[in-house]
Amino acid sequence: MTLLVGLPGQGMHLGIDPLSGLFLCLLAPLVLACAIVGPSRSVAFWVFVLGTAAAVLAADAFTLILGFGLMSAAAWFLALHGGWRAMLLVAAALFCGFCLVGAMYLPPSYAAFLLLLLGVGAMSCLALVRFQPPPDGLPAPVAALLSGGILTVSLYVLIRYVFVVFGAVGAAWWGGVLLAAGAAAMLFGAARAVLQTEIEALLAGAAVAQLGSIAAALGIALWAKAMGNPALATLAVQAALLGGVGQALFTPLLWLGAGAVREATGTTSLDWLGGLMRGMPKLGLLMLFGASGIAALPLGPGFPALFLLLHAVIAGAAGGGLWAALGFGVLLAALGFAVALLQAAALRLIGIGFLGRPRSLRAAAAEEADRRTLIGIGFLAALCLPLALLPGLLLAALRPVVALLVPGAPALPLPYAPLPIAVLMLAVAGAAWFGLQRYGARGEREAPAWNGGFGKPPIWLPFGDPQTQPSGSGFAAPVRAVLGWFAMPHAAPSKRAALSIPAPRRMLRWRARLHRAAEGHRLALAFGVFVVALLALRLGQGN
Amino acid sequence: MLGLALGLLATILHAALMFAGAPLLVGAAEKLRARLLGRRGAAVMQPYRTLLKLIAKVPVVPDNASELYQVWPFVCPAAIAAAALLTPGFCFGMAGAGQSDFITFIGLLGIGRAATVLAGLETGFGFGGAGAGRAVLFSLFGEAALLLVVLTLALLGHGVTLDGIGMGLRRGHSGAPISLGLALLAVLAVALAENGRAPADDPAGRQELAMVQNALPLEYSGRFLALFEYAAMLRLAVWLSLIGALFLPFGMADAGMVLTWPLGLLSWLIKLAGFAGALVLFEIFVGRVRIFQVPAVLAGATLLGFLAVVFLLVSRGLGA
């Protein structure tokens, strides 16, 4: 479709194909949910929506840039309140725009690919760093729309350019770059998620990890496509698309929920929350569902994508050569570690924030979120249900998109059927419940928590002493100790002290440091030695 | 049609034996441990009596618990029971064989762990919280180790389902036995930590400060506690059956051939008894390590898993 406005002589071109159709379908619930939760009269809100639609529907580079421009302008208009951070943001946005424009007008080559990657990565980081937690004065629904919209459109641009526009010239190492970037983002984001105290920052870390897993899946697909392995490419693209669907549904759900928590309690710091499940049970249940998506547990909306990604990695290791297989092995270990960290983050979000005792009076007095909020969040959760319970059907619906991205994609049945597992678990739980009702003691008795024998708290501490229950930071403390300075990149010990000591004593000192090192460091060291030794072996073989 | 019916029958038999026999396994292990330590020990049937006693008691619910307090005890055994139905016990080719993907299996055990951890955080008291933090800590490295083991087994057994891997390994494999051994060591480390056994935890420990797995349901009583205890017993049986089916698939029956069932049942029994005995011996001779050394053990398991992959690939590369 050609519009008459636009570049002189050319106009603007809009088009829709399965890929842009999918991303429009992902943007629509986000916009709808945000509009339900916090109806915005601001023009900028709808200009942003228009910009995302233009970017996704664009059939030429100019329209895409225009859509991006509308989005950025609207976002800055909504969120900026001056100050040096604003200038920094404008600079960062200019950088992103520069990279993207460069990538779009350069001939398809590795330079364009790297610029695109840089631009999309910077764009996503900006969306998360700037809008989560929302800046002062910006309501959570608007912030969720800005972050979610920018992330979705960035993902769309990445997939569109790397697989469709540059599709013919892609090399195998492009996939490697994307894969490495994705795995690094996954580890980094998951570590942030498990250590952050603010719910929004925790969710931003989880979103970085989720984007990293999508990028890793896309990298595998790119690699497999270049190596002429359409089956593996199909598997990986399916993983990336399901990950994208999940990202667009349950991440905004959690952001909107965090906004409702902030509205009810005035804070989102896990160290000040607790016991919200009693005051806001409906919101708590919805957040629990969203958190099961972060944790990528079976029957949750995050599991199908992870399942396919892990299977793609295993299939890649089984099908590739020796060195590719070793690389996939390292990747698998990294993914396993990141997934475990994400599970810890999700458990911490629910267990510390929503269960337990209140850690402040505001948390104790929290009331259920209003109807609109619950409807908006519930709408997103309802849309997650097919992803969680019928991923096979969803994959069948995504066939045209997969065929567009991977020409000649074979039809792969999904060997994961959550519905029978759910029925089985329900049957077991139901049987246990009926059996216990029938043969066990009836009813239950309410009493103050046993609390290791401390019994009922004194009258002036109605929820017990907050100091006696684990805090958000306390829960994460063992993880922090194991991660060491991976958790805090700034806190690396300075090298100067070690270098000023004579060599033999330096060795001793290294030994002592190794002895004291955190577990993550030792594991990383051992893995590094492995990889270096293998690389040396490889080089020796090459000669 | 007959195959389907036999598969269903085998599944029902497997489920009945697994669900009914899990407490017996723990009881026998406890009896053996007591004997080896020079005590007479409780009867082998003691776990059943404990469960019945708990069921007969009216549970005490903390007044600051949320509505979900009574949901976690049902989620945990349900997830582990689903995993139990996917695990090959005495035979391959049960009704759930097509769904018995290794990654789904890991995820189901993860649901069980998550429900237990959330139950520990439910009332917000110190011991439960500390236990939850430690349980989460132990799970960090276990997942990576387990995934590397899945990779090794998938490469060796040419399958990704528990059934497929076991059947592939039973037919014989071309890879180095050393990879299989390393993978077994990694799985054992993860299984011990997941089940709250020595070196990670002490299942018989009664001191709250030192507990990990036992600290989580400290606020639970009556039938809810019985469900958690039963889930722990079932989990041990599942892990031991899994190790037996994957690493020692000798004598396993085929669901389609009824005549092989007795041998399969017998070998399952012998394997479980042998594993339980080995576990008890190991626990007698190996003490607990400090809590912050458990991640070291599991990180070592991750490295062993990676070594297994490396050995396998290198030997395959040399062979080709």
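**Close-up views of a predicted two-chain model**

**Figure 1. Surroundings of A:Phe303 in the predicted model.** Apart from its neighbours within four places in sequence, A:Phe303 is in contact with A:Ala296, A:Leu297, A:Pro298 and B:Gly107. The model shown here and in the other figures is predicted. A:Phe303 belongs to helix H12 of chain A. Is this residue, A:Phe303, buried or exposed? A:Phe303 counts as buried because it has 26 C-beta neighbours inside 10 Å, and the cut-off for a buried residue is 20 or more. A:Ala388 lies 85 residues from A:Phe303 in sequence, yet the C-alpha atoms of the two are 7.5 Å apart in space.

**Figure 2. The side of chain A that touches chain B.** In this view, 75 residues of chain A are in contact with 72 residues of chain B. Several elements of chain A each supply at least two residues of the side that touches chain B, among them helix H10 (276-279), helix H11 (281-295), helix H12 (303-319) and helix H13 (322-353). Sorted by class, the side of chain A that touches chain B has 54 nonpolar, 14 polar and 7 charged residues.

**Figure 3. Strand pairing between the two chains.** Strand S3 of chain A is joined to strand S1 (residues 60-62) of chain B by 3 bridges. The strands S3(A) and S1(B) run parallel. Which residue of S1(B) is the bridge partner of A:Glu446? The partner is B:Val61.

**Figure 4. Chain B as a whole.** Chain B contains 10 helices and 3 strands. Read from the N terminus, the elements of chain B follow the order α-α-β-α-β-α-α-α-α-α-β-α-α. The C-alpha trace of chain B spans about 65 × 45 × 45 Å along its principal axes. A compact globule of 320 residues would have a radius of gyration near 20 Å, and chain B, with 20 Å, agrees with this. Of the 320 residues in chain B, 62% are buried. Among the contacts in chain B with a separation of 6 or more, 80% are between residues 24 or more positions apart.

**Figure 5. Crossing of two helices in chain B.** Helix H8 (residues 222-247) and helix H9 (residues 261-285) of chain B have axes that come within 10 Å and cross at roughly 115°. The crossing of H8(B) and H9(B) is right-handed. Which residues make the contact between H8(B) and H9(B)? From H8(B) come B:Leu240, B:Ser241, B:Ile243 and B:Gly244, and from H9(B) come B:Trp268, B:Lys271, B:Leu272 and B:Phe275. By class, the contact of these two helices, H8(B) and H9(B), has 5 nonpolar, 2 polar and 1 charged residues.

**Figure 6. Two residues with a positive phi.** Most residues other than glycine have a negative phi. A:Leu299 is not a glycine, but has a positive phi of about 75°. A:Leu299 is placed in the loop between H11 and H12 of chain A. With 18 C-beta neighbours inside 10 Å, A:Leu299 counts as partly exposed. In chain B, the phi of B:His158 is near 55°, which is a positive value in a residue other than glycine. The loop that holds B:His158 lies between helix H5 (126-157) and helix H6 (162-170) of chain B. B:His158 counts as partly exposed because it has 16 C-beta neighbours inside 10 Å.

Figure 7. Chain A contains 22 helices and 3 strands, and 51% of its 543 residues are buried. Among the contacts in chain A with a separation of 6 or more, 78% are between residues 24 or more positions apart. A:Ile16 is found in the loop between strand S2 (11-13) and helix H1 (18-37) of chain A. Is A:Ile16 buried or exposed? A:Ile16 counts as exposed, because 12 C-beta neighbours lie inside 10 Å, and the cut-off for an exposed residue is 12 or fewer. Leaving aside neighbours within four places in sequence, A:Ile16 is in contact with A:Gly21 and A:Leu57. A:Leu57 is 41 residues from A:Ile16 in sequence, whereas their C-alpha atoms are 5.9 Å apart in space.

Note on methods. Residues are numbered from 1 along each chain as its sequence is written. Chains are lettered from A and ligands numbered from 1 in the order in which they are written. This is a predicted model: local features need pLDDT of at least 70, side-chain atom pairs count only at pLDDT 80 or more; totals for chains, interfaces and linings use all residues. Helices (H or I, at least four residues) and strands (E, at least two) are DSSP runs, numbered from the N terminus. The radius of gyration is taken over C-alpha atoms; the globule rule is 2.2 Å times the number of residues to the power 0.38. Two residues are in contact if their C-beta atoms, placed from the backbone, lie within 7 Å. Ala, Val, Leu, Ile, Met, Phe, Trp, Tyr, Cys and Pro count as nonpolar, Asp, Glu, Lys and Arg as charged, and the others, Gly among them, as polar. Two strands pair if DSSP finds at least two bridges between them. Axes are lines fitted to C-alpha atoms, for helices over the stretch in contact, and angles run from 0 to 180 degrees between N-to-C directions. A crossing is left-handed if the near helix is turned anticlockwise from the far one by less than a right angle, and right-handed if clockwise.
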